[in-house]
Amino acid sequence: MTEAVSTGHGERAHPDFLQHHFDTPEQQFTSGKLGMWLFLATEVLLFAGLFCAYAVYRGIHPEIFEYAHRFLDKSLGATNTVILLCSSFTMAWAVRSSQLGKRGLTAALLALTILGGIGFMSIKYVEYHHKWKVGLLWGTHYHPSAEAMEGHGAPEDTAAGVAHQDETDAAESAAAAEPPAAGPQLPDLSGLPAGVEPTNVPHGAVGPEGTIAERPAEVLPVGEEEVKNVHIFFGIYFLMTGLHGIHVLVGMGLIGWVLRRTLRGDFGPEYYTPVDLVGLYWHLVDLIWIFLFPLLYLIH
Amino acid sequence: MDVAKAHEAEAHGGTHVVSLPTLALTLAALLVLTWVTYAVTWFDLGALNLFAALAIAGLKATLVALYFMHLRWDRPMNGVILLVSLGLLILFLGFAMVDTETYLPERIPGYAPEIRR
């Protein structure tokens, strides 16, 4: 190390790509990779916030997720998963061929990877466009048209609905048999199941419109009663897939940059760090989609 | 196989080059697991459905991280960073879920939430 400092760059071959604050190409490579992994950790934490919002809302209102995921096209989601996995494969292969110094192959594989990104975003566009057209959007923009509700509104299983109604009736009569709960100013509590003690603390605010009266033992069959606040699902859907989509676009841009540098002949077995690091970014985008797909499209 | 790998590594400045069959097998496994996660929704397993979906996604993520992202042959520090970020994610989600599950905000309409005992 001291040797390198004292002799400057005279003794040792000093390649163009080696920055002056690194001693060896290997040190530069491992430092770059460490930095990239630290960045990827912040990316995981960025998405953690959205996954947390998803988990909390699904924990409180499973019926919204059970109901609303039917508006998403499973086969389009699955196709996008396959496209992204294949593009991850071509990216990993591009890193390999870059390490081996095969410039033409690397460029072709990087182009294929970008093509995968284009395919993914095209399908995403088809999905978004359809939801935009039929009003399946976030917040106050949620106005599903008749076309959107087609096949989603009617009760699926009347027998199950009747059985559930019987259960509720039984619970209600059991509650009615109990002595009246304490607290004269409390509202009608006949709907409360037996054994549940109401609080005497007056409410600070009235709950938002559409909160369900009682957590159902099981998620209600679709169509048995109108599910409210479905826009929450679409808010979460658009935030998660939208942020992911932005990452896909950024990844495509980065791969384009690496492709240009590959064609210029910047990379070889000695130096391929940008290809490797952009690859890591692309794989992380793939990794996040691996979780988004089952959580949004395949709710059971 | 190992000898060939070692030779390859030596030939390219000490860095490991993942063999093409390894990458192809990883892709094949990922595609099969995608089909499995799709097929598992045909069966009603109750709460197990979510668990199965997350378990399969976790397995797929592990494959991507180990082979595509090269962590299997990397310096351990890079993997440690990923694991720490996942640990923080679990901590974040875990406490948020414990809090969410503590209350029954819909039990009495318009009233302060009851705390589950």
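Entry 1: I started with helix α8 of chain A, residues 231–264. For helices I use DSSP runs of H or I with at least four residues, and for strands runs of E with at least two, numbered from the N terminus. α8(A) has 34 residues and spans 49 Å from its first C-alpha to its last. That is close to the 50 Å expected at 1.5 Å a residue, where the expected span is 1.5 Å times one less than the number of residues. Just after α8(A), I found A:G265 with a positive phi of about 85°.

**Entry 2: ground rules.** I noted that this is a predicted model, where local features need pLDDT of at least 70, side-chain atom pairs count only at pLDDT 80 or more, and totals for chains, interfaces and linings use all residues. Residues are numbered from 1 along each chain as its sequence is written, while chains are lettered from A and ligands numbered from 1 in the order in which they are written.

**Entry 3: chain A overall.** Among the chain A contacts with a separation of 6 or more, 72% join residues 24 or more positions apart.

**Entry 4: α4 and α5 of chain A.** Helix α4 (residues 74–99) and helix α5 (residues 103–134) of chain A pack with axes 8 Å apart, at about 165°. Axes here are lines fitted to C-alpha atoms, for helices over the stretch in contact, and angles run from 0 to 180 degrees between N-to-C directions. Parallel or antiparallel? α4(A) and α5(A) are roughly antiparallel, the word for angles over 145 degrees; under 35 is roughly parallel, 65 to 115 roughly perpendicular and the rest oblique. The crossing of α4(A) and α5(A) is left-handed (near helix turned anticlockwise from the far one by less than a right angle; clockwise is right-handed). Their contact has 14 nonpolar, 11 polar and one charged residues. Nonpolar covers Ala, Val, Leu, Ile, Met, Phe, Trp, Tyr, Cys and Pro; charged covers Asp, Glu, Lys and Arg; the others, Gly among them, are polar.

Then I picked A:I123, which sits in α5 of chain A. A:I123 is partly exposed, with 16 other C-beta atoms within 10 Å. Leaving out residues up to four places away in sequence, A:I123 touches A:L76, A:T79 and A:N80. I jotted down a reminder: an α-helix has 3.6 residues a turn, so residues three or four places apart point the same way.

**Entry 5: across the two chains.** α2 (residues 25–60) of chain A and α4 (residues 76–102) of chain B have axes that come within 9 Å and cross at roughly 15°. α2(A) and α4(B) are therefore roughly parallel, and their crossing is right-handed. By class, the contact has 24 nonpolar, four polar and two charged residues.

B:I81 lies in α4 of chain B and touches A:W37, A:L38 and A:A41, not counting residues up to four places away in sequence. B:I81 has 18 C-beta neighbours inside 10 Å, so it counts as partly exposed.

**Entry 6: a loop residue.** Last, I looked at B:H70, in the loop between α3 (48–68) and α4 of chain B. Its phi is near 70°, a positive value in a residue other than glycine. Buried or exposed? B:H70 counts as buried, because it has 22 C-beta neighbours inside 10 Å.

How values were computed. Two residues are in contact if their C-beta atoms, placed from the backbone, lie within 7 Å. A residue is buried if 20 or more other C-beta atoms lie within 10 Å of its own, exposed if 12 or fewer, and partly exposed in between; C-beta atoms are placed from the backbone.
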